[in-house]
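We will stop at several places, one selection at a time.

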Amino acid sequence: MTDFVDGWILGHTLGEGAYGEVKLVINKATEEAVAMKMVDLSKHPDARRTVRKETTIHRMLSNPNIIQYFGQRSEKNMEYIFLEYASGGELFDKIEPDIGMPKWEAQKYFRQLISAVEYLHSRGVAHRDLKPENLLLDENDNLKVSDFGLATVYRLQGKERSLDTRCGTLPYVAPEVLERPYQAEPADIWSSGIILVALLAGELPWDQASAECPEYEAWKNGKYMSVTPWKKLDKFSLSLIKHILVHEPSRRFKISEIKKHAWFRDNFSEDGNPIERDVVDGLRAKRFHKDEEEVLMRTCLSQPELPGKETNGLSTFTIEERPGFSFSQPAHMEDLLLSTQLQTLAYTQTQTQTSLSTFQKMVRRMTRFFVKTECDTTVKRLISCLKKESYTYRINECGIITISSMDRRKMPLVFKINIHEMDGKILVDFRLSKGCGLEFKRRFLKIKEKVDDIIARDSSNHRQVS
Ligand code: AMP
C-alpha cells in the first residue's frame, strides 16, 4: 500500500460534505488517526474562498467540545483539511426519529453544545449552521462541534458587527436571519434550541420560523400545547425551550441565562429525575477543573503557530509540520488497518477474516444491520424494496447504491447503501450524503422494516441497531 503522505495511509470514507468526502488518515508509526476533508476545486471552483474562510476561522479555535483543526494542505486542484477524528459518529445517529433520547442524555449533549457555543462567541465567532449533523462524538461520547464552512467573525477587537448573509439550514435558522440584518449570538442560540427539541422529541418543530409556516405561527401565539413535538415534552423542558425559541432576539435567553435555568443546571439521573444538589455540585466542580485544564493545555499546545508555506496569502502546513500536532486517541493499528481493508472489501467475496468487535469499536453507526442472505440476494431485496417505495436509485461498479429523494419538506435527500462482507457476514451500511439527518434515519428504519425477514438476529445486531 502506498503512503498518502510519508508515513500516513488512507483509511475509509467517514462521510460526505458539500464539497467532497471526509476520509480517515492513519499514521503508520504512531497509530494516530486524523480526519481529512477533501475538496476537489476542479469540481467546485467556488469552494476555494469558502475553504479559505473555514480554515482561517477553524485554526483560531481550541476547545474540548470543538473538533480540533490540525492543518491544511493545498495541491493543484485539491484542498485537504486535517481535523481531529471523531470516532463516535454523528449526534443524529443517537436520536430516535419521533422519540428523541432520554432526558439525561439530551442534557449532557446540550450542556456540551452550549459550552462550545459560549467558547465560539467568546472568540467572536458565529457558527451559523448548528444542527445535529454538524455535531460529532468522540470515543468518550463527548460532543464536538464541526464544519465551520458557514462560520464568520462578528466581533473583532471588541467591535461587534451585525450580519447580513442568510445562511444555515432552514428548520434550524432563527426568524431574524430570514429577515436580516441580525445579531450573531442570538441566532446561534436559537439553532441550539431547535437542536434541543430534536434531542428530546426526535423531530423538528417547523420547516422554517416564518409567518408562512402555520406550526411556527401557532408556537408564537402560544397555541401549541396539544400538538407535536410540544405535547411530547414535559413542562420543565418546555420552560427552558420557551425562553430560547423567542421570536424577538433581544428577549431570547442569553447563554448565561440558559446556564442558570434549573433544567440545564441540575443533573438528571438516568430515570429522568433531578439528582440531589450536593452530589451535583461536587460533580460540577470536578468537571470544571478538568475542562479548564484541558482548554489551557490545548491552547498552549497550539500556540504560537509557526509560519507555514505561503499560498495566496494563507499559511499552509503539512500535517507533520503543524505545531502542537498532538492528541490522544486510542487509534490501534489493528482497527485502523481493518477499516482500510473495508474499502476493498466492499461487495467482493474475500477470505480475509475481520473481527466484528473491532469494527464496532471503529465506528458507532446505528444505521446499519447484518443480514443472513448472500451479497447478491441482499442487493436484489434492497432494490426491490426501493422500487416498491418509488425511490430513484443507481448502483455503481463497486455495488454502492445511491438513493435520491425528497424529504417531507421537499428538500433533497440523498443517501447511500454500502454492502460489506466481514467475518463471513454481510453488513448493510447506510450513510447520509445530503439532507436532513432525522429524515434519513426515518427512511432507514422504514427500509429496515421492509427487509426485516433477511436481518440476522444475533446479539451483535441487537447491540448496534435501534
Ligand atoms: P462535513 O464536510 O464537515 O459536512 O462532513 C461530512 C461528514 O463527514 C460528517 O457529517 C461526518 O459524518 C464526517 N466527518 C466530518 N468530519 C469528521 C471528523 N472530524 N471525524 C469523523 N467524521 C467526520
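Which residues lie nearest the centre of the largest cavity? Select Arg-128, Cys-167, Val-177, Ala-187 and Ser-191, which lie nearest its centre among the 16 residues that line it. Before going further, note that this is a predicted model, where local features need pLDDT of at least 70 and side-chain atom pairs count only at pLDDT 80 or more, while totals for chains, interfaces and linings use all residues. Residues are numbered from 1 along each chain as its sequence is written, and side-chain values use heavy atoms, with hydrogens and water left out.

**Stop 1: the cavity**

A cavity here is a set of points, on a 1 Å grid over the protein atoms alone, where a 1.4 Å probe fits but cannot get out; lining residues have an atom within 4 Å of a point. The search of the whole structure finds 1 cavity of 30 Å³ or more, and the volume of the largest cavity is about 100 Å³. Now colour helix α4 (residues 184–201), which gives the largest share of the lining, 4 residues. Helices are DSSP runs of H or I with at least four residues, and strands are runs of E with at least two.

**Stop 2**

Arg-128 sits in the loop between β6 (125–126) and β7 (135–137). Next, select Arg-180 and Pro-181, which are joined by a cis peptide bond with omega of about -15°. Pro-181 is in the loop between α3 (175–179) and α4. Then go to Thr-228 and Pro-229, where the peptide bond is also cis, with omega near 10°.

**Stop 3: the ligand**

Select the ligand and the 15 residues that surround it, with Gly-17, Lys-37, Glu-84, Ala-86 and Glu-90 the closest; a residue is near the ligand if one of its heavy atoms lies within 4 Å of it. Try the distance tool on the polar contacts (pairs of N or O atoms within 3.5 Å). An oxygen atom of the ligand is 2.3 Å from a side-chain N or O atom of Glu-90, and a ligand nitrogen is 2.9 Å from a polar backbone atom of Ala-86.

Finally, colour by domain, using bounds from an automatic or database domain assignment. Domain 1 (2–87 + 328–337) and domain 2 (91–316) both give residues to the shell around the ligand, so the ligand lies between them.

Definitions and conventions: Polar contact = N/O pair within 3.5 Å; in protein donor to acceptor, adjacent residues only side chain to side chain. 1 Å grid on protein atoms, 1.4 Å probe; cavity = no way out; pocket = protein on both sides within 12 Å on 5 of 7 lines; lining within 4 Å. Points joined across faces, edges and corners; volume = space filled by probe spheres on them.
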